[in-house]
Amino acid sequence: MTVPQEPDPRRTRALPESGPGDLPGDQYVRPAQEEVVSERVEDSYASRVRTVRMVCSAITFVVGLFAVVLVAQIILVLADANPRNGFASFVDGFSSGVSLGFDGLFTPSSHKAAVLFNYGTAAIVWLLIGAALTYLIRKFALPGPRREVRYRRTVQ
């Protein structure tokens, strides 16, 4: 729903103050005055910007959540948390689901170092994926600074 707003006087043409017959050749005839009940000006660009911001915020939230879960798993493993605890097992299952296949990428001799490298890499990759997605969405979904301004005026 758009908020009713006054039309921008710089973008609208005012009717000339002259009456019929004042212009050369009587080219302009003033239309009969109608009573305008309400007038609404809609800018489709504003709604597009709002939609793009909401989509980018959702992507950033989801990607950030995945990265936080992976970092929480790293912290739990480095701190020797009890793996049979409900929270620790939930984080372990969630982090193995969002690890992007980086579980066995690095195989150092220490289990803690392996979790740090593998899940740390997955968290960084998730953040890069989120940044790339939001950049591409903003780049292609929003027009540049030389956009054409279109208003749809409806008289009710």
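Helices here are DSSP runs of H or I with at least four residues, strands are E runs of at least two, and both are numbered from the N terminus. Before I go on: this is a predicted model, where local features need pLDDT of at least 70, side-chain atom pairs count only at pLDDT 80 or more, and totals for chains, interfaces and linings use all residues. Residues are numbered from 1 along each chain as its sequence is written, and side-chain values use heavy atoms, with hydrogens and water left out.

Let's begin in the loops. Asp80 sits in the loop between α1 and α2, and its phi is near 55°, a positive value in a residue other than glycine. Leu100, in the loop between α2 and α3, also has a positive phi, near 60°. For context, most residues other than glycine have a negative phi. On accessibility, buried is under 20% relative accessible area, exposed is over 50%, and partly exposed is in between, using a 1.4 Å probe and protein chains only. Asp80 is exposed at 57%, and Leu100 is partly exposed at 39%.

Now the core, meaning buried Ala, Val, Leu, Ile, Met, Phe, Trp, Tyr and Cys residues joined through side-chain atoms within 4.5 Å. The largest one has 14 residues, and Leu70, Val98, Val115, Tyr119 and Trp126 touch the most other members. Two or more residues come from each of α1 (44-78) and α3 (111-141), with α1 giving the most, seven.

What does Leu70 contact, leaving aside neighbours within four places in sequence? With contact meaning heavy atoms within 4.5 Å, the list is Ser95, Val98, Ser99, Tyr119, Ala122, Ala123 and Trp126.

Take Ser95, in helix α2 (residues 86-97). Ser95 counts as buried because its relative accessibility is 0%.
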